[in-house]
Amino acid sequence: MKPSLFLLLSAALPLAAQGASCLPVADLIARDSQYEEATRVGDAAFLENHLADDFVWVHNLVSSIDDKAAVVARAKKPASIPKARTTSGVQAQVLGDTVVLRGQSTVDAWNADGKTWRSNRYQFMRTYVNTPAGCKLLAVQTMKVWSSEAEKAGAAAAAKAASR
């Protein structure tokens with residue numbers, strides 16, 4: 001009986017050594033929040049470990065595509081550090097070893113005065129996959145859906161039109 005228990009445990013060890021799974025979904029959503037914070041503060045080490053080697057990030061407004069190297073390089077030398085990055089309305093779709101998270105991410109960025117900030121909200125989809133090295137972020141697509149600057153401009157235009 002002891003030899004078979006030993007064989008069972010030794011077979012399970014490689015599975016445990018593979019790293020964290022993408023499931024349960026609640027844990028993945030918490031890890032995804034860590035991704036948002038790492039992106040905000042420029043935590044290149046976290047991103048290096050968290051992103052799949054063939055990671056891709058598609059940005060709709062600037063019509064650009066970043067790979068893992070570009071994201072990690074930007075994290076090492078951030079142009080600025082936003083005030084906050086928060087997610088809301090996060091939902092998950094699971095199929096086998098793949099989990100797609102979708103929701104909204106709000107980025108609050110400091111204005112030049114260092115006292116006020118502007119906000120941009122993005123719809124996102126993030127695809128996570130289980131790999132031998134653990135759960136990795138494979139792909140991101142973001143689409144800007146709202147801006148406090150656009151809202152201010154719209155309010156100013158409406159006020160100007162109302163004063164005529």
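This short talk covers the confidence of the model, its nonpolar core and some of its salt bridges.

What we have is a predicted model, in which local features need pLDDT of at least 70, side-chain atom pairs count only at pLDDT 80 or more, and totals for chains, interfaces and linings use all residues. Residues are numbered from 1 along each chain as its sequence is written, and side-chain values use heavy atoms, with hydrogens and water left out.

The pLDDT, the predictor's confidence in each residue from 0 to 100, averages 87 over the protein chain, and 84% of the residues score at least 70. Over residues 1-18, however, the pLDDT is below 50.

Turning to the core, by which I mean buried Ala, Val, Leu, Ile, Met, Phe, Trp, Tyr and Cys residues joined through side-chain atoms within 4.5 Å, the largest one has 20 residues, and among those touching the most other members are Leu28, Tyr35 and Phe55. Buried here means under 20% relative accessible area, exposed over 50%, and partly exposed in between, with a 1.4 Å probe and protein chains only.

There are seven salt bridges, each a side-chain nitrogen of Lys or Arg within 4 Å of a carboxyl oxygen of Asp or Glu. One of them joins glutamate 36 to arginine 85 at 2.5 Å, N to O; glutamate 36 is buried at 1% relative accessibility, and arginine 85 is buried too, at 17%. Both residues belong to a network of salt bridges that also takes in Asp32 and Arg126. Aspartate 66 pairs with arginine 74, with the closest N and O atoms 2.9 Å apart; here aspartate 66 is buried, at 11%, whereas arginine 74 is partly exposed, at 40%.

Key:
Contact means heavy atoms within 4.5 Å.
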